[in-house]
Amino acid sequence: FLKFCGLDLATCKSGTFRGRTKLSKHGNARLRRALWMAAQVAARQRDNSFRDKLGRYTERDRHDADLRRKALTALTAKMARVVHAVIKGRTEYRPFFERPVPGGRTSLCTGREGATATL
């Protein structure tokens, strides 16, 4: 599905030359743009797992525009995976929250105390 959206990574290679890895953009441009705009809205919402993930992506340097753009791209890919799972499973969207574990991994929890997340 990420390839269909054009959100997969591609590297230009030829012989021993290896170029930069970037988005392929060979997919549906309208769908990619709709997901990009949805990710921006989700990042601005008060309390949801997408905003939390964006915060973890950009915690190194909050003022780096390039890092923020890459984090929003990763957030867009995450949103595309969620959309695909909801459509494929024919279920209603049930938000879940991720919380960081001291070991560096991310564990899943079913909800947050007093939080109402809607998308």
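A polar contact is a pair of N or O atoms within 3.5 Å; within protein, one must be able to donate a hydrogen and the other to accept it, and residues adjacent in sequence count only if both atoms are side-chain atoms. In this predicted model, local features need pLDDT of at least 70 and side-chain atom pairs count only at pLDDT 80 or more, whereas totals for chains, interfaces and linings use all residues. Residues are numbered from 1 along each chain as its sequence is written, and side-chain values use heavy atoms, with hydrogens and water left out.

**Overall architecture**
- The chain contains 4 helices and 4 strands, where helices (H or I, at least four residues) and strands (E, at least two) are DSSP runs numbered from the N terminus.
- The order of these elements from the N terminus is α-β-β-α-α-α-β-β.
- Of the 119 residues in the chain, 26% are buried (buried means under 20% relative accessible area, exposed over 50%, partly exposed in between; 1.4 Å probe, protein chains only).
- Among contacts (heavy atoms within 4.5 Å) between residues at least 6 apart in sequence, 46% join residues at least 24 apart.
- Carbon and sulfur atoms account for 52% of the accessible surface of about 9,000 Å², computed by the Shrake-Rupley method with a 1.4 Å probe; for residues, only the protein chains shown count as cover.

**Helix 4**
- Helix 4 spans residues 65-89 and reaches 36 Å from its first C-alpha to its last, close to the 36 Å expected at 1.5 Å a residue (1.5 Å times one less than the number of residues).
- Asp64 caps the N-terminal end of this helix, with a side-chain oxygen 3.3 Å from the backbone nitrogen of Asp66.
- Arg90, which follows helix 4, has a positive phi near 50°.
- Buried residues in helix 4 include Leu67, Ala71, Leu75 and Val82.

**Lys22 in strand 2**
- Lys22 belongs to strand 2 (residues 17-23) and is exposed, with a relative accessible area of 52%.
- Beyond its neighbours within four places in sequence, Lys22 contacts Asp8, Leu9 and Ala10.
- A separation of 6.5 Å is found between the C-alpha atoms of Lys22 and Thr11, which are 11 residues apart along the chain.

**Largest pocket**
- The largest pocket has a volume of about 420 Å³.
- Its lining comprises 14 residues, of which Leu9, Leu23, Arg69, Lys70 and Thr73 are the closest to its centre.
- Helix 4 supplies the largest share of this lining, 6 residues; strand 2 and helix 4 each provide at least two.
- On a 1 Å grid over the protein atoms alone, a pocket is an open set of points where a 1.4 Å probe fits, with protein on both sides within 12 Å along at least five of seven lines, and lining residues have an atom within 4 Å of a point.
- Grid points are joined across faces, edges and corners, and the volume is the space filled by probe spheres set on the points.
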